[in-house]
Amino acid sequence: MNDDAQLSITQLNGSLQRKAVEDFAKFYQRLFDANNLELMSNYDVVNFMTDINEHMNLSRFMTKAQRLTDSVDFSYQDYLNLIDRLDQKYFESGNPALDWDEWYASHFAQVAKS
């Protein structure tokens, strides 16, 4: 993780938080569609994931773009809380210290070693 990135998502301003949630939601939706969310369950986030997943299941008839927008709008606070509990820091620009795919690969490697 880059040491210059020291902020949690909750320390970003509202517009940067929104952008960070939207970027994460794209990543999350890919994992959801691939039924590959187990890694996140190693964190204390199950209640947030349950709410997000339930709504994503209800909107499965939508296009990916519609479902993403709907999910962020409906589950924004759940996404924010989920991200806040994951091991991810942000720059003042609102960019994450690690791209989410890199974050996943790094944490997957740590779990595989244990």
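**Close-up views of a predicted helical model**

At 0% relative accessibility, tryptophan 103 counts as buried (under 20% relative accessible area, with exposed over 50% and partly exposed in between; 1.4 Å probe, protein chains only). The model is predicted, local features need pLDDT of at least 70, side-chain atom pairs count only at pLDDT 80 or more, and totals for chains, interfaces and linings use all residues. Residues are numbered from 1 along each chain as its sequence is written, and side-chain values use heavy atoms, with hydrogens and water left out.

**View A. Tryptophan 100 and tryptophan 103 in helix H4.** Both residues lie in helix H4 (residues 100-113), three residues apart, about one turn of the helix. Helices are DSSP runs of H or I with at least four residues, strands are runs of E with at least two, and both are numbered from the N terminus. Tryptophan 100 is buried as well, at a relative accessible area of 5%.

View B. The whole structure holds 10 aromatic pairs. Rings of Phe, Tyr and Trp (its six-membered ring) pair if their centres lie within 6.5 Å; planes under 30 degrees apart count as stacked, over 60 as edge-to-face and the rest as tilted. In phenylalanine 24 and phenylalanine 27 the ring centres are 5.9 Å apart and the planes are at 50°, so this pair is tilted. These two phenylalanines are three residues apart in helix H1, which means a separation of about one helical turn. Both phenylalanine 24 and phenylalanine 27 are buried. For tryptophan 100 and tryptophan 103, the centres are 5.3 Å apart and the planes are at 65°, so the pair is edge-to-face. Ring pairs join Phe24, Phe27, Tyr28, Tyr43, Tyr79, Trp100, Trp103, Tyr104 and Phe108 into a cluster.

**View C. The crossing of helices H1 and H3.** The axes of H1 (residues 14-33) and H3 (residues 64-85) come within 8 Å and cross at roughly 110°. Axes are lines fitted to C-alpha atoms, for helices over the stretch in contact, and angles run from 0 to 180 degrees between N-to-C directions. H1 is therefore roughly perpendicular to H3 (65 to 115 degrees; under 35 is roughly parallel, over 145 roughly antiparallel and the rest oblique). The contact of H1 with H3 comprises 13 nonpolar, three polar and seven charged residues. Here Ala, Val, Leu, Ile, Met, Phe, Trp, Tyr, Cys and Pro count as nonpolar, Asp, Glu, Lys and Arg as charged, and the others, Gly among them, as polar.

**View D. Glutamine 29 of helix H1.** Glutamine 29 lies in H1 and is buried at 6% relative accessibility. Residues up to four places away in sequence aside, glutamine 29 touches Met56, Lys64, Arg67 and Leu68. Contact means heavy atoms within 4.5 Å.

View E. On the H2 side the contact is made by Phe48, Met49, Asp51, Ile52, His55 and Met56. The H3 residues in this contact include Arg67, Phe74, Ser75, Tyr79 and Arg85. By class, the contact of H2 with H3 has seven nonpolar, four polar and five charged residues. Serine 75 lies in H3 and is buried, with a relative accessible area of 1%. Apart from neighbours within four places in sequence, serine 75 is in contact with Asp51, Ile52 and His55.

**View F. Leucine 16 of helix H1.** Leucine 16 lies in H1 and counts as buried at 19% relative accessibility. Not counting residues up to four places away in sequence, leucine 16 touches Glu92, Ser93 and Gly94.

**View G. Two loop asparagines.** Asparagine 95 sits in the loop between H3 and H4 and is partly exposed, with a relative accessible area of 34%. Asparagine 95 touches Lys19, Lys89 and Tyr90, not counting residues up to four places away in sequence. Asparagine 35 is in the loop between H1 and H2 and is exposed at 63% relative accessibility. Asparagine 35 has a positive phi of about 55° although it is not a glycine. Most residues other than glycine have a negative phi.
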